[in-house]
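User: Could you take a close look at the aromatic rings in this model and walk me through how they pair up? I'd like the geometry as well as where the partners sit.

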Amino acid sequence: MADTSSNSEKDTETFVSWREFLGSPYAASLALVCLAVWLHAADSLIVATMLPSIVAEIGGVALVGWSVSLYEIGSIVAGAASALLIMRFGLRTPMSMAAILFGFGCILSAVSPTMPLLLTGRALQGLGGGGLVAMGFVAVGLIFPRRYIARAMAAVSTLWGVSAFAGPLVGGFFVEYATWRWGFAFFACHAFALALWIVLRSDADVTRSTADATEFPVKRLSLLCLAVVLAAFGGVEVSILRTVPSVAAGLVCLIAFLWFDERAGDTRLLPRRPFDPWRPAGAALLMILSMSMATIAVTAFGPLLVTAIHGVSALTAGYIVACSSIGWTVMAVLVSGLPERFDRLMIALGMTVVTLSILGFLHAVPNGPVWLIAVFAAMEGGGFGMAWTFILRRTMGLAGADEVHRISGAIPTIQRLGYALGAAYVGIVANASGLLSIETAADATKVARWVFASCVPFAAIGLIAMSVLVRDRRGNRSISSGN
């Protein structure tokens, strides 16, 4: 046992080149995970490009916002359930079913004559896509040797960045040369092909558990879903009578979900005390939640505010925001080969850069110049890319063996939850500061200052949580010893 542990530690301290990683027997597994991530990452961007054509044909402009909300809600719920499903049934069945669900959602959207039916399809796509991404993270943590995890995460980050540019282009292609319905059909074909590939994989059940599958946590997932719906509803139109009760009810539902989940024993969806800042896993998830809430503002309101304040085109504003994806991809690729002894340094450095970018937005979005906003967007993405490839590896190394599945699945789920809650929070701040009554650049400048100032407290919470995660020096005893 001592020799095995020693060899494992030695492996994690050696540099892994891209040549070695891509030439390993795990290349096919990497391609499978990347296809799953592509479906989730590109779908929302393609749909955003096709929405004007969709509304022009089937109507429902008042429901457009829910095309995003329902997708996110489905993703969060599916991601929360993924770890439990994998522990009960292995990877093959849940992951292939997620792909099939995504495909059927695309088919339903493709044939929809009305917006409500299309939204039903979007909800199914969210369930399937969120499940695929969460299970993909679990697959990375369990199928790949630990020395390859950072490279695998970098490849996933690269594909996510490529999707930021390819998504709108693909959507625009179908709108221009065919029809938006073929765009959904295009993704349905990808999803069904992925499902078949997963079924045929020989290593897809490596995580099968002998635990007795007795009860699916419908009540807890319903509470989580309702929490996000209520928070989002409260931010659509800000008023004391609507926003305060809605957000308060959403927080009550979220607390109830966490309370019930903590007491669910082996059927827990999240690791124990998931947001306890004094435990490594809790600190990691709290950091991800806080930083996601702190950075969603530039995606949700950046293009609108930059256009209103600086007079740039919508396309220019969109690609300024896309600089975040570029920064994420470039940094993830550059640092992913570092051995495990650099994990703490890269996480600390990355989260610090993200925080500096938020402070940068607070200055640059209201005051300019435009190129400086793009620089801070690249910094924000670069900070995440610098840290993200090591968060999973370090958190798994500090966790008990019985929590590895839950942590792997919780990381992307908590990120989506942070985005959803952050969008609702920032929406309330933006509307309360005058977003709906903007008439001049000065009005937009005032809104921008409030929006980005409101993100700073969450970045501070994220930094505190990060300090706990990187300060813990227990190493990887929990994994290497099998405890």
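**Aromatic rings up close**

Let's start with a charge and a ring: Lys219 places its charged end over the ring of Phe260, 4.3 Å from the ring centre. Keep in mind that this is a predicted model.

Now for rings with rings. Searching the whole structure turns up 11 aromatic pairs. One of them joins Phe361 and Phe452, with 5.6 Å from centre to centre and 35° between the planes, a tilted arrangement. This pair ties together distant parts of the chain, since Phe361 belongs to helix α14 (residues 343–367) and Phe452 to helix α17 (residues 441–453), 91 residues apart. Both Phe361 and Phe452 are buried.

Then there's Tyr425 with Phe458. Their ring centres are 5.0 Å apart and the planes meet at 75°, so this pair counts as edge-to-face, because planes over 60 degrees apart get that label. Here, too, distant parts of the chain are linked: Tyr425 comes from helix α16 (residues 404–432) and Phe458 from helix α18 (residues 456–471), 33 residues apart.

Phe458 comes in at a relative accessible area of 18%, so it is buried; the cut-off for buried is under 20%.

Finally, there's a cluster to look at: Trp38, Phe186 and Phe187 are linked together by ring pairs.

How values were computed:
Residues are numbered from 1 along each chain as its sequence is written. This is a predicted model: local features need pLDDT of at least 70, side-chain atom pairs count only at pLDDT 80 or more; totals for chains, interfaces and linings use all residues. Side-chain values use heavy atoms; hydrogens and water are left out. Rings of Phe, Tyr and Trp (its six-membered ring) pair if their centres lie within 6.5 Å; planes under 30 degrees apart count as stacked, over 60 as edge-to-face and the rest as tilted. Helices (H or I, at least four residues) and strands (E, at least two) are DSSP runs, numbered from the N terminus. Buried means under 20% relative accessible area, exposed over 50%, partly exposed in between (1.4 Å probe, protein chains only). A charge sits over a ring if NZ of Lys or CZ of Arg is within 6 Å of the ring centre and within 35 degrees of the ring normal.
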